[in-house]
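Student: I would like to go through this model term by term and check each label against its cut-off. Where do we start?

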Amino acid sequence: NHSAVTEFVLLGFTDLQELLFVVFLLLYITTLLGNLGMIVLIQAHSQLHVPMYFFLSHFSFLEVCYSSSVTPKLLSGLLAERNVISFRGCITQFCFFAVFGTTEAFLLAVMAYDRFLAVQQPLHYSSAMSHRLLGQLVLASYAAGSLNALAHTGGLLSLSFCGPNGVNHFYCELPPLLLLSCSDTWLNEVVMATAVGFVITTSLSAIAVSYACILLTVCSMPSTQGRHRALSTCTSHLVAVGLFYGPAAFLYFHPFSRQVERQRKAASVVYTLVTPMLNPFIYSLRNKEVRSLLRR
């Protein structure tokens with residue numbers, strides 16, 4: 001690329017910076033403690049060495065990495081007079097953000113398939129979800145996330161940035177960066193819309209099909225208690241899906257313009273700070289086994 005810009009200024013938040021620093025710091029600390037605590041809990045207790053918690057430990061790891069790709073720079077920027085990030089640093093931040101975000105989307109689909117097997121084949125669940133299949137599903141999720149991130153990162157590196165260099169966001173995200181390019185970004189926007197549409201469509205379709213099969217299986221159960229028990233294992237996952245895809249749909253399918261950046265920032269705060277903090281509590285507080293182990 002032939003960019004004259006060597007650094008970007010993250011405009012982020014210009015009001016109540018000290019208050020926002022305290023709030024965001026508390027959210028980030030809670031995110032780290034909650035997700036790392038879930039990973040330690042799962043590793044420390046053999047009762048949790050089952051496929052569902054194997055996926056959950058990777059999900060918690062992704063939440064930590066995903067939030068950490070954005071929040072430390074956000075916190076330092078709130079204390080600085082001018083929040084500057086180098087060109088390479090900006091591209092690197094976006095790349096990691098895209099890797100972990102996309103991987104999370106596919107992992108949620110994998111977790112839905114895991115719940116389907118657990119409900120439909122409870123007696124053969126352990127053999128059906130073998131260690132080899134577990135590894136393949138997780139590896140495929142990371143590979144898909146990496147390929148998606150590399151496609152967008154390569155597209156960014158092909159653009160020229162000749163000024164201005166003020167990113168109207170608190171981290172390096174694709175839509176506000178495209179607005180700053182002095183190159184034609186039509187192809188980048190098409191690739192972004194296509195890739196995001198493919199990721200959301202395929203992952204949500206897999207989740208929808210899995211839960212449709214789960215409902216059919218549950219409806220055929222003769223016992224009311226059995227139906228309730230089967231559905232209760234899926235509730236936490238459904239809440240996590242809603243928290244993930246709601247802000248994501250707003251961020252990537254909302255029109256790109258400078259007039260909607262305030263709403264995009266608010267959605268991004270939910271996406272990068274609030275949702276990663278809530279997920280450990282969703283999975284722990286609604287799960288009797290996890291609550292019992294936490295008390296012990």
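Tutor: A polar contact is a pair of N or O atoms within 3.5 Å; within protein, one must be able to donate a hydrogen and the other to accept it, and residues adjacent in sequence count only if both atoms are side-chain atoms. The model is a predicted one, where local features need pLDDT of at least 70 and side-chain atom pairs count only at pLDDT 80 or more, while totals for chains, interfaces and linings use all residues. Residues are numbered from 1 along each chain as its sequence is written, and side-chain values use heavy atoms, with hydrogens and water left out.

Student: What is the distance between the backbone oxygen of F54 and the side chain of S57?

Tutor: A polar atom of the S57 side chain lies 2.6 Å from that backbone oxygen of F54. The limit for a polar contact is 3.5 Å.

Student: How do you know whether S57 is buried or exposed?

Tutor: Buried means under 20% relative accessible area, exposed over 50%, and partly exposed in between, with a 1.4 Å probe and protein chains only. S57 has 8% relative accessibility, so it counts as buried. It sits in helix 2, residues 51-68; helices are DSSP runs of H or I with at least four residues, strands are E runs of at least two, and both are numbered from the N terminus. Leaving aside neighbours within four places in sequence, S57 is in contact (heavy atoms within 4.5 Å) with I39 and I42.

Student: What makes L62 buried?

Tutor: Its relative accessible area is 0%, so L62 is buried. L62 is also in helix 2. Beyond four places in sequence, L62 touches F100, T103, E104, L107 and Y142.

Student: Why does H152 count as buried?

Tutor: H152 is at 6% relative accessibility and therefore falls in the buried class. This residue belongs to helix 6, residues 131-157, and touches F94, L174, V191, M192 and A195, not counting residues up to four places away in sequence.

Student: What is meant by the largest nonpolar core here?

Tutor: A nonpolar core is a set of buried Ala, Val, Leu, Ile, Met, Phe, Trp, Tyr and Cys residues joined through side-chain atoms within 4.5 Å. The largest such core has 83 residues, and F8, F24, F55, L108 and L156 have the most contacts inside it. Helix 4, residues 87-120, gives the largest share, 21 residues.

Student: How do you know which strands pair with strand 1?

Tutor: Two strands pair if DSSP finds at least two bridges between them. Strand 1 (residues 7-10) has two bridges to strand 3, in the parallel sense, and three to strand 2, in the antiparallel sense. F8 stands opposite I85 in strand 2; towards strand 3, V9 has G166 as bridge partner and L10 stands opposite V167.

Student: Why are strand 2 and strand 3 edge strands?

Tutor: The open sheet of three strands has the order 2-1-3, with mixed pairing. Strand 2 (84-86) and strand 3 (166-167) each have a single partner strand, so one side of each is left without a neighbour in the sheet.

Student: Why is the ring pair of F8 and F87 called stacked?

Tutor: Rings of Phe, Tyr and Trp (its six-membered ring) pair if their centres lie within 6.5 Å; planes under 30 degrees apart count as stacked, over 60 as edge-to-face and the rest as tilted. The structure holds 13 aromatic pairs. In this one the centres are 5.8 Å apart and the planes are at 25°, so the pair is stacked. F8 lies in strand 1 and F87 in helix 4, so the pair ties together parts 79 residues apart in sequence.

Student: What makes F13 and F170 a stacked pair?

Tutor: Their ring centres are 5.3 Å apart and their planes at 25°, so these two are stacked. The pair links distant parts of the chain, 157 residues apart: F13 in the loop between strand 1 and helix 1 (17-44), F170 in the loop between strand 3 and helix 7 (174-180). F13 is buried because its relative accessible area is 18%, and F170 counts as buried at 1%.
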